[in-house]
Amino acid sequence: MPTEVIIFDKSYKLECAPNDEGNLHAAATALETKYREARLAMPRLESERVAGMVALNLSLEFAKLEQQLKALSAERVQEKNQNLQLIHQLTNDIEAAIAAK
């Protein structure tokens, strides 16, 4: 089902899954906000160049977040492995204590 968003004072009808509609509107609002902020900061710059700068800045933010997510995921894997090692060691210690009785 098409959903309508407004970006740079233009209306767009886009197809998206029903569960993505809220995200699509949030993305359009964020883009519009960044565009307006950039427009105020660079009033003499052509609209296309402002849009390009906004797109580049959003892409940079996305890349940074993606990198942070990868780092967090790697940390979680490391923590999981450490926990598994600890469980294995505790299991061995318990088995040794039981066998010693």
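Buried means under 20% relative accessible area, exposed means over 50%, and partly exposed lies in between (1.4 Å probe, protein chains only). By that scale Phe8 is partly exposed, at a relative accessible area of 25%. The model is predicted: local features need pLDDT of at least 70, side-chain atom pairs count only at pLDDT 80 or more, and totals for chains, interfaces and linings use all residues. Residues are numbered from 1 along each chain as its sequence is written, and side-chain values use heavy atoms, with hydrogens and water left out.

**Fold and overall form**

- The protein has 2 helices and 2 strands; these are DSSP runs numbered from the N terminus (helices H or I, at least four residues; strands E, at least two).
- Along the sequence the pattern reads β-β-α-α.
- The radius of gyration is 25 Å, well over the 13 Å that the globule rule gives for 101 residues, so the protein is more spread out than a compact globule. The radius is taken over C-alpha atoms, and the rule is 2.2 Å times the number of residues to the power 0.38.
- Along the principal axes, the C-alpha atoms fill a box of roughly 80 × 35 × 15 Å.

**Surface, contacts and charge**

- Of the 101 residues, 10% count as buried.
- The protein exposes about 8,500 Å², and carbon and sulfur atoms supply 59% of it. Areas come from the Shrake-Rupley method with a 1.4 Å probe; for residues, only the protein chains shown count as cover.
- Contact means heavy atoms within 4.5 Å. Among contacts between residues at least 6 apart in sequence, 20% join residues at least 24 apart.
- The mean positions of the 12 positive and 15 negative charges are 5 Å apart. Lys and Arg count as positive, Asp and Glu as negative; His and the chain ends are not counted. Each charge is placed at NZ of Lys, CZ of Arg, CG of Asp or CD of Glu.

**The loop between E1 and E2**

- Phe8 lies in the loop between strand E1 (2-7) and strand E2 (10-15). Its phi is near 55 degrees, a positive value in a residue other than glycine.
- Asp9 sits in the loop between E1 and E2. Asp9 is not a glycine, yet has a positive phi of about 65 degrees.
- Asp9 is exposed, with a relative accessible area of 60%.

- Glu32 belongs to helix H1 (residues 21-41) and counts as buried at 13% relative accessibility.
- The Glu32 side chain reaches the backbone nitrogen of Phe8 at 2.6 Å.
- Leaving aside neighbours within four places in sequence, Glu32 is in contact with Ile6, Ile7, Phe8 and Asp9.

Definitions and conventions. A polar contact is a pair of N or O atoms within 3.5 Å; within protein, one must be able to donate a hydrogen and the other to accept it, and residues adjacent in sequence count only if both atoms are side-chain atoms.
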